[in-house]
Structure formats: structure tokens, C-alpha cells
Amino acid sequence: MAYQSFQQEYMQIPVVTRAYTTACVVTTVAVQLDFVNPFQLYFNPDLIFRNFQLWRLVTTFLFFGTFGFNFLFNMIFTYRYCRMLEEGSFRGRTADFLLMFLFGGFFMSCIALFVNLVFLGQAFTIMLVYIWSRRNPYVRMNFFGLMNFQAPYLPWVLLGFSLMLGNSIVVDLIGIAVGHVYYVLEDVFPTKPGGFRILQTPDFIKNLFDRREIEYEPIPEELRPGGYNFGGDPPRQ
């Protein structure tokens, strides 16, 4: 009975969120049980392009470290904000959501060619958080009961938390930067005079999904409920 209940709940998770979070957990379990070595998963341009170990382009986004606080923290945020995006602004637009994944993965991989980063999963999580926060500017957040703030500040709160833990903030900054580029291309530029959607989902991706996709139209800037000015006050309700 418990298994059937779990299976039912699991299958209710949107398909992209379900596939990505499951892949992350399975990868971590495989490493924990010594079926896979982390050295087989990390981003290494020489091994990717010279030895054609192309799977590293994917596995670099799937491993958050062995079981522990860091893994649990990242998986909670990944699952939560990935699902809220897929069920929110990407509802009925699975192909577009997948394109966002591909855009973020490609952009981060290009950046990783020039910085010393071997695992990009945390940056990808921050990207998801950033995009969600910009599309939900009035949502009130509470971080571990310590502070209250509006959603657009969340990526920066997480960056500060990483800094307090002694972690490098480069990963967080990459996630924020890629998320901002996506937000501008998808939500800002199309609403400007003469603007248009630059990120067009290819037909072959849409054809992979057996349902009618809903065309996404960004809300015009003057009609949006709020925005976020870096360094300024949060938007008023």
C-alpha cells in the first residue's frame, strides 16, 4: 500500500523534474555504492573533446557530492524550484522547459571551459531559483526562520549562505548570470518595442512530447506585478 502511494506521488511529479531529480539521486547512490567513481563524471574538456567522453557533459550536472548536508540542501532546492517552474510558468510547455535546460547546460559548459569548475549541478540549481524568483517577484520568503525577504533576493541570500559556509561563490555567480541571460532573452527583450522571442523551441523537440504546447507570451513590462532592481528596494505590493 505504501509502495503504491509512493509510486502514485512519484508519477505526479512533472516529467522533466522527475527525470532530472531521479538522475541526480541515482548518480549519487551509484557513487556512494562505488559503482561509479566521481572521476568518471566531472567536467574535463580534454577527456570530452579528445577522448569523446561526451557523457561528462551531462554527468557534471548530476552529482552534488556524497550523501550529506550539501547533497540534501541542493536536492531540496533543485526539486522544489524545478517543479514550481514546470508546474507554473512552464505548465503545458514541456518542450520549452527542456529547451531552458539545454540552454542553461550549454551556456554553463561554455563558461566551464574558462574557469576551474568540475561539477555544475549547484550552478544549475541557482539558475532555476533565479528564473523562478524573477517570475514571482512578490512571493515572500523565509530562510530557515532567520530572515524574511521577497523572492528576487533569494539567489543572493543563497550566495551569501555559500560564502558563510566557506564555499566558492563562483558557482553561484555563474548560475545567477546564466539565469539572468535566459530571463532577459525570454521575458524582457520580447516585450520591448521591436522585440521578439529569440529562444524558439525547435519542432523536433516539440514533436517528442505528445501534447499541445501552449505558446508563451511574456507579460508586457508595464503590466507586470513587479520587478527587481539590483541593489534597490524590493518591489512593493
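**Exercise 1.** How far apart do the end C-alpha atoms of residues 54-79 lie, and what percentage of the span is helix?

*Solution.* The model is predicted, so local features need pLDDT of at least 70 and side-chain atom pairs count only at pLDDT 80 or more, while totals for chains, interfaces and linings use all residues. Residues are numbered from 1 along each chain as its sequence is written, and side-chain values use heavy atoms, with hydrogens and water left out.

Step 1. The end C-alpha atoms of residues 54-79 are 25 Å apart.
Step 2. This span is 58% helix and 0% strand. Helices (H or I, at least four residues) and strands (E, at least two) are DSSP runs, numbered from the N terminus.
Step 3. The unreviewed UniProt entry lists residues 54-79, 100-133 and 153-185 under "transmembrane region"; such annotations may be inferred rather than shown by experiment.
Step 4. For residues 153-185, the end C-alpha atoms lie 20 Å apart, with 82% helix and 0% strand.

**Exercise 2.** Describe the secondary structure of the protein chain.

*Solution.* Step 1. The chain has 10 helices and two strands.
Step 2. Read from the N terminus, the order is α-α-α-α-α-α-α-β-β-α-α-α.

**Exercise 3.** Which residues touch the most other members of the largest nonpolar core?

*Solution.* Step 1. A nonpolar core is a set of buried (under 20% relative accessible area, 1.4 Å probe, protein chains only) Ala, Val, Leu, Ile, Met, Phe, Trp, Tyr and Cys residues joined through side-chain atoms within 4.5 Å.
Step 2. The largest such core has 52 residues, and Met100, Phe101 and Met108 touch the most other members.
Step 3. Elements that each supply at least two residues include helix H6 (94-112), helix H7 (121-135) and strand E1 (140-143). The largest share, nine residues, comes from H7.
Step 4. Beyond its neighbours within four places in sequence, methionine 100 is in contact (heavy atoms within 4.5 Å) with Leu85, Phe90, Met127, Leu128, Ile131 and Tyr182.

**Exercise 4.** Which element gives the most residues to the lining of the largest pocket?

*Solution.* Step 1. H6 gives the most, with seven residues.
Step 2. Two or more lining residues also come from H2 and from helix H4 (56-59).
Step 3. Of the 20 lining residues, Val58, Phe61, Phe101, Leu102 and Gly105 are the closest to the centre of the pocket.
Step 4. On a 1 Å grid over the protein atoms alone, a pocket is an open set of points where a 1.4 Å probe fits, with protein on both sides within 12 Å along at least five of seven lines; lining residues have an atom within 4 Å of a point.

How values were computed
Buried < 20%, exposed > 50% of the residue type's maximum accessible area, 1.4 Å probe, protein only.
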